[in-house]
Amino acid sequence: MTSDNDRRRGLLARLRGRPVARSRGRRRLGAAVRLFAALMLAGGAYTVFAPGVQAQENPPLTGAAAEGKALFDVSCVTCHGRNAQGVEGRGPSLVGVGAASVEFQVGTGRMPMARQEAQAWRKPKVFTDEEIRQLAQYVQELGGGPVVPAGDNLHKDANIAAGGELFRVNCSQCHAFGGGGGALSSGKFAPSLRPATDRQIYAAMLSGPQNMPVFGDNQITPEQKADIIAYIQETLKQGEDHGGFNLGRYGPSTEGLAIFLVGVVALVFASLWIAGKS
């Protein structure tokens with residue numbers, strides 16, 4: 001049996017253990033309170049001394065972009081939305097398309113569109129060059145994207161022969177070998193390249209309008225783009241047709257049709273004439 005001394009020792013031990021447990025709990029609670037207070041103090045100090053951080057989500061627009069936004073709110077917001085996020089059934093989002101897309105679409109008069117069609121047609125532009133630059137800057141600052149290099153002559157000192165090879169491999173299937181354009185499916189078409197400027201051709205390669213694929217700098221380098229532009233401007237637009245009548249420059253299809261309708265028919269009549277004389 002347990003003696004009275006043992007019972008007393010156990011009781012004393014239990015009594016001594018309670019204050020110890022209580023003191024540990026108090027220390028932990030105190031540490032948590034101090035940590036919470038330190039975090040609150042640090043957060044308050046950061047808010048007081050760095051008030052401009054919260055404004056970085058919507059950085060202010062530059063002067064040109066602000067002017068472009070004013071034009072956008074009047075002429076483009078109906079189809080592309082108040083923040084250029086797009087409107088279903090009317091127009092796509094412009095966030096991330098870059099200044100190149102605006103320069104091509106607005107600079108060639110395709111935008112604003114008069115009505116929804118299978119494809120936007122080239123027509124006289126509505127905005128001035130300065131207004132187009134402002135619209136492009138606004139869209140560029142909205143979400144970034146490809147930008148056309150500065151200058152009007154983008155094919156200076158380019159390699160025309162190399163541009164011809166690149167054009168025949170990448171462009172002639174749709175725009176035809178002579179750059180006259182051609183029909184595509186569902187009422188769409190590849191337009192003629194004759195009225196296009198250096199900047200418009202470069203912007204089209206960067207943005208891929210309508211059915212045209214995007215030719216970024218990873219697919220066709222800036223130097224190769226300059227070569228293609230040089231071939232279009234210096235060769236296809238010169239109007240030199242050493243073989244005679246160009247038949248619209250639509251390529252071998254029209255030439256084959258002309259040979260069949262004219263040449264074969266002439267041979268048939270010639271054969272009939274010879275047979276009748278004999």
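This is a predicted model: local features need pLDDT of at least 70, side-chain atom pairs count only at pLDDT 80 or more; totals for chains, interfaces and linings use all residues.

Visitor: How much space lies in the largest pocket, and how many residues line it?

Guide: The largest pocket holds about 740 Å³ of space. Its lining consists of 34 residues, and those nearest the centre are His 80, Pro 92, Leu 94, Gln 105 and Met 111. By class, the lining has 17 nonpolar, 13 polar and four charged residues.

Visitor: Which helix supplies the largest share of that lining?

Guide: Helix H4 does, with four residues. At least two residues each come from H2 (63–75), H3 (77–80), H4 (98–107) and H5 (129–143).

Visitor: How is a pair of aromatic rings described?

Guide: One gives the distance of the ring centres and the angle of the planes. In this structure, a search of the whole model finds three aromatic pairs. One of them joins Phe 72 and Tyr 138, whose centres are 5.4 Å apart and whose planes form an angle of 55°, a tilted arrangement. Phe 72 belongs to helix H2 and Tyr 138 to helix H5, so the pair links parts of the chain 66 residues apart.

Visitor: At what angle do the axes of helices H6 and H9 cross?

Guide: Angles from 65 to 115 degrees count as roughly perpendicular. The axes of H6 (residues 160–170) and H9 (residues 222–236) cross at roughly 95° and come within 7 Å; the two helices are therefore roughly perpendicular to each other. Residues in the contact include Leu 166 and Phe 167 of H6 and Ile 228 and Tyr 231 of H9. By class, this contact has nine nonpolar, four polar and three charged residues.

Conventions: Residues are numbered from 1 along each chain as its sequence is written. Side-chain values use heavy atoms; hydrogens and water are left out. Axes are lines fitted to C-alpha atoms, for helices over the stretch in contact, and angles run from 0 to 180 degrees between N-to-C directions. Angles under 35 degrees count as roughly parallel, over 145 as roughly antiparallel, 65 to 115 as roughly perpendicular and the rest as oblique. Contact means heavy atoms within 4.5 Å. Ala, Val, Leu, Ile, Met, Phe, Trp, Tyr, Cys and Pro count as nonpolar, Asp, Glu, Lys and Arg as charged, and the others, Gly among them, as polar. On a 1 Å grid over the protein atoms alone, a cavity is a set of points where a 1.4 Å probe fits but cannot get out, and a pocket is an open set with protein on both sides within 12 Å along at least five of seven lines; lining residues have an atom within 4 Å of a point. Grid points are joined across faces, edges and corners, and a volume is the space filled by probe spheres set on the points. Rings of Phe, Tyr and Trp (its six-membered ring) pair if their centres lie within 6.5 Å; planes under 30 degrees apart count as stacked, over 60 as edge-to-face and the rest as tilted.
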